[in-house]
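This report describes a single protein model, from its overall composition to selected residues. The sequence and the coordinates are shown first.

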Amino acid sequence: MTRILLVEDHVLVREGLRLLLGQEPDFEIVGEASTVNHAIDCAISARPDVILLDIALADDDGIPLIGVLRARVPDARVLVLSMFADAETVRQSLLAGAAGYLVKGATVDELTAAIHAVALGGTFLHSAIAGVVLDDGLRWLRNGTRLSPREREVISLLGDGRSAGWIAGALGISVHTVRRHVANASEKLDVHGARALRSYAIAHGFARHLLSDQRVARAPRPAN
């Protein structure tokens with residue numbers, strides 16, 4: 001029996017999902033939530049196998065919630081069910097820890113197949129977005145080869161959550177130079193904004209803590 005928690009702020013959609021999934025003999029709806037905090041509380045108390053999550057919740061962005069749920073209920077698998085089909089939203093959801101992604105409008109068969117797949121430890125990507133995500137990933141891969149070694153190093157440290165000042169001190173360069181490398185990498189990758197660049201670094205294996213804390217402790221101050 002697969003235990004499912006529904007996280008959806010639209011009452012009619014949530015009721016429809018409950019009715020549809022309740023007809024499956026091996027599914028059990030163990031809780032329903034419509035807000036971020038309620039979803040966390042329900043997940044902790046109900047201990048579901050699968051959390052069916054709408055990331056566009058009325059009270060907050062549901063993507064950060066994925067990471068919280070994975071941390072608080074590590075045995076639960078998060079399956080996103082969303083109206084958004086753009087590559088960036090899908091990527092952010094998967095990076096946050098989602099095991100699968102479905103677009104609203106999926107058939108009942110697709111929904112049940114996705115739940116079964118993630119419950120068994122697999123992943124599931126809706127066919128409606130698979131091509132978009134693949135094309136986007138190939139574009140990033142091609143553009144990533146154009147980065148210089150220093151740009152890759154800077155972007156990798158951004159992916160580790162380091163600030164421009166931290167990177168400057170670690171690499172022995174000025175903050176201005178760090179920002180120039182970031183600007184150049186952003187232009188080459190056509191990826192703009194700190195969050196998007198960090199996502200790129202994580203998604204493509206750049207963020208690997210290249211510098212030890214000991215090296216950082218001995219690193220010179222940023223150049224003037």
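## Overall composition

Of the 224 residues of the protein chain, 42% count as buried, where buried means under 20% relative accessible area, exposed over 50%, and partly exposed in between (1.4 Å probe, protein chains only). The accessible surface of the chain comes to about 11,100 Å², and 54% of this belongs to carbon and sulfur atoms; accessible areas come from the Shrake-Rupley method with a 1.4 Å probe, and for residues only the protein chains shown count as cover.

The model is predicted: local features need pLDDT of at least 70 and side-chain atom pairs count only at pLDDT 80 or more, while totals for chains, interfaces and linings use all residues. Residues are numbered from 1 along each chain as its sequence is written, and side-chain values use heavy atoms, with hydrogens and water left out.

## Secondary structure and contacts

The protein chain has eleven helices and six strands. Helices (H or I, at least four residues) and strands (E, at least two) are DSSP runs, numbered from the N terminus. Among contacts between residues at least 6 apart in sequence, 67% join residues at least 24 apart; a contact means heavy atoms within 4.5 Å.

The six strands form an open sheet in the order 2-1-3-4-5-6, with parallel pairing. Strand 2 (27–33) and strand 6 (124–125) stand at the edges, each with a single partner strand, so one side of each is left without a neighbour in the sheet. Two strands pair if DSSP finds at least two bridges between them. Strands of a sheet pair through backbone hydrogen bonds, either parallel or antiparallel.

Strand 1 (residues 2–7) pairs with strand 2 in the parallel sense over six bridges, and Leu-6 stands opposite Glu-32 in strand 2. Helix 1 (residues 11–22) packs on the sheet, touching strand 1, strand 2, strand 3 and strand 4 (77–82). The direction of helix 1 makes about 165° with that of strand 2; axes are lines fitted to C-alpha atoms, for helices over the stretch in contact, and angles run from 0 to 180 degrees between N-to-C directions. Strand 3 and strand 4 are joined in the parallel sense by four bridges, with Leu-52 opposite Leu-79 in strand 4. Five of the six residues of strand 4 are buried.

## Leu-21 in helix 1

Leu-21 is found in helix 1 and is buried, with a relative accessible area of 2%. Not counting residues up to four places away in sequence, Leu-21 touches Ile-4, Leu-6, Phe-27, Ile-29, Leu-52, Leu-111 and Ile-115. Leu-21 and Leu-111 are 90 residues apart in sequence, and their C-alpha atoms are 8.9 Å apart in space.

## Helix 7

Helix 7 (residues 149–159) is mostly covered, with eight of its eleven residues buried. The buried residues include Glu-151 and Glu-153 as well as Val-154, Ile-155, Leu-157 and Leu-158. Gly-161 follows helix 7 and has a positive phi, near 85°.

## Local features

Arg-47 lies in the loop between helix 2 (36–46) and strand 3 (50–53). The phi of Arg-47 is near 50°, a positive value in a residue other than glycine, and Arg-47 is partly exposed, with a relative accessible area of 45%.

The charged end of Arg-162 sits over the ring of Trp-166, 4.1 Å from its centre; the criterion is NZ of Lys or CZ of Arg within 6 Å of the ring centre and within 35 degrees of the ring normal.
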